[in-house]
Amino acid sequence: MRRKKSRGPWLERYSAIILATLLLGAWQVLVPLSGLSEFVLPTPVAIATRIVNELPLLASHAYVTLFEVVSGFAMGVLVGIPLALAIFYSRAFERAIYPILVALQTVPKVALAPLLVLYLGYGWAPKITLAFLISFFPIVISTVVGLQALDKNLVNLVRSMGASEWQTFFKVRLPAALPNIFGGFKVAVSLAVIGAVIGEYVAAERGLGYLQLQANSLFDTTLNFATVVAISGLGVMLYFVIDFVESRVTYKRDTK
Amino acid sequence: MNVIIQAGAAVDIARLSKIYKTREDEDVVALDKIDLKFEPGTFVAVVGPSGCGKSTLLSLLAGLTGASTGTIAIDGETINKPHPKIGVVFQSDLLLYWRTVLENILLPIEIKRLDVARYRSRAEELLAQVGLEGFGNKYPSELSGGMRQRVAICRALIQEPGLLLMDEPFGALDALTREQMIMDLQAMWMRLGNTVLFITHGIDEAVFLADRVLVMSPRPGRVDLDLNIDMPRPRQWSRIHENKDYHGYVRKIRDIFEAKGILVAH
């Protein structure tokens, strides 16, 4: 049954879509009016058309970038989570590794890209490494913070039930830290996209970053924009994949 | 509905001390050679200011910390680690928000690797006893503070503990909810018959609920007064102020606190 809804909630629900449409519409209308050439600033419709026409080309490069991002992110998880556990459980290890981690984090990972190419060549290795380096820090930090934020009384509670540390970890520590850990994953996967694309900018023969540089050198601004859209789309898609996994494995405290 | 009856455990505490070391390597005597015996099925309340060792006593009984000297025996069995005959209710409900009410109540069963399915009906009976029939599949965030603490009590009772430890269980509740919980706890305890150790700051709820009130004072943690409360049950919270004995008991406890300078009269 349909009910009449007041204007307020309707406007609120679709406000983001409306604003985006208005901005794109303005862009579409203002480009011809401003006298700018389509070579300098293509319209949204032109970009969308180009994306549809070049879908096979974009997809073939997107696969490469996707592979690099997912591999780098997966490495970040595989190294980051055990490292976070070691930091959480060992005070000595925390004291030893934390200053080094923070010092490494102050190095802009992007600045390492040329070096990585030098050491690892032109293939996917330097891109994966860059995606890994850039994504693993937020995973470590968010996992450690999530584990440390636990109410000590909860640990006492399960210990009073006779729980081992193993059980305490899986019944309480890990589930309580999951929202933090997934928060870290979301930041990390967005950063991994940046890492892979920067790696491709420096030296590559395939991938969306490479395609964009090609478009740039050919003054093909429309393809350039199409690539930007594809890179963003990749990031958004991965973000929602993680969001979906999170909704499967965790219960959100404030959903009612 | 089956009526659940739990036999109370006998508790025997002998020469029990707990000494903590501070960072400056000084000794703090939290409990000083305490001797106590609880008859099975007794409701014992402990009142005292912060730092009087009442929470230490509870941690020792719960097996969360080890004693410096002395022993604790439950039904003749010496304990030095968490014991299945002991259930604990803490000040906050400590429900796991990602588990349903029923899953929270069954957590101790899972941890002890017992057959969860076998305890499910018992968990539902306990819920019904605290007036939460049909709430098993709700999440803690859907419940009020009082309801959540009731679930925490069910969780402590799932294993039929002979001894129920309660650490200021109503301290975080509003006054009206607290009053209702005090009444309900009395009714439940009268049905179940567990031995209860109830730790509180509230002189009123200690005297109202208990068969026996232990008054403790700090540095070193000692029992200053061991008071038997002889009032018929069920007691009515709304009418307790009409009871002369009640005021006598409260007066005795206040006298101790005033003599020790814990409460200062103006």
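This is a predicted model: local features need pLDDT of at least 70, side-chain atom pairs count only at pLDDT 80 or more; totals for chains, interfaces and linings use all residues.

User: Where does helix 4 of chain A have its kink?
Analyst: At Ile97(A), shortly before the proline Pro99(A). The kink there is about 30°.

User: And what span should helix 4 of chain A have, at 1.5 Å a residue?
Analyst: Helix 4 of chain A covers residues 91-106, and those 16 residues should span 22 Å. The end C-alpha atoms are 23 Å apart, which agrees.

User: OK, zooming out. How many helices and strands are there in chain A?
Analyst: Chain A has 10 helices and 0 strands. Its radius of gyration is 23 Å, while the globule rule gives 18 Å for 256 residues, so chain A is more spread out than a compact globule.

User: What does the C-alpha trace of chain A span along its principal axes?
Analyst: About 75 × 65 × 30 Å.

User: What share of chain A counts as buried?
Analyst: That would be 32% of the 256 residues of chain A. On contacts within chain A, take those with a separation of 6 or more: residues 24 or more positions apart account for 75% of them.

User: Switching topic to confidence. What's the mean pLDDT of chain A?
Analyst: The mean is 90, and 95% of the residues of chain A reach 70 or more.

User: Which elements of chain A have the lowest and highest mean pLDDT?
Analyst: The lowest is helix 1 of chain A (residues 7-34), with a mean of 87. The highest is helix 3 of chain A (residues 55-89), at 96.

User: Now the interface. How many residues of chain A are in contact with chain B?
Analyst: 18 residues of chain A are in contact with 19 residues of chain B. On the side of chain A that touches chain B, the elements giving two or more residues are helix 7 (152-160) and helix 8 (165-202) of chain A.

User: Which helix gives the most to that side of chain A?
Analyst: Helix 7 of chain A does, with 7 residues.

User: And chain B, what does UniProt list for residues 14-243?
Analyst: The UniProt record, an unreviewed entry, gives "domain: ABC transporter" for residues 14-243 of chain B. In the model that span is 31% helix and 27% strand, and its end C-alpha atoms lie 35 Å apart.

Conventions
Residues are numbered from 1 along each chain as its sequence is written. Chains are lettered from A and ligands numbered from 1 in the order in which they are written. Helices (H or I, at least four residues) and strands (E, at least two) are DSSP runs, numbered from the N terminus. The expected span of a helix is 1.5 Å times one less than its number of residues. The bend at a residue is the angle between axes fitted to the seven residues ending there and the seven starting there. UniProt positions are given in the numbering used here, feature names are shortened, and annotations may be inferred rather than shown by experiment. The radius of gyration is taken over C-alpha atoms; the globule rule is 2.2 Å times the number of residues to the power 0.38. A residue is buried if 20 or more other C-beta atoms lie within 10 Å of its own, exposed if 12 or fewer, and partly exposed in between; C-beta atoms are placed from the backbone. Two residues are in contact if their C-beta atoms, placed from the backbone, lie within 7 Å. pLDDT is the predictor's confidence in each residue, from 0 to 100.
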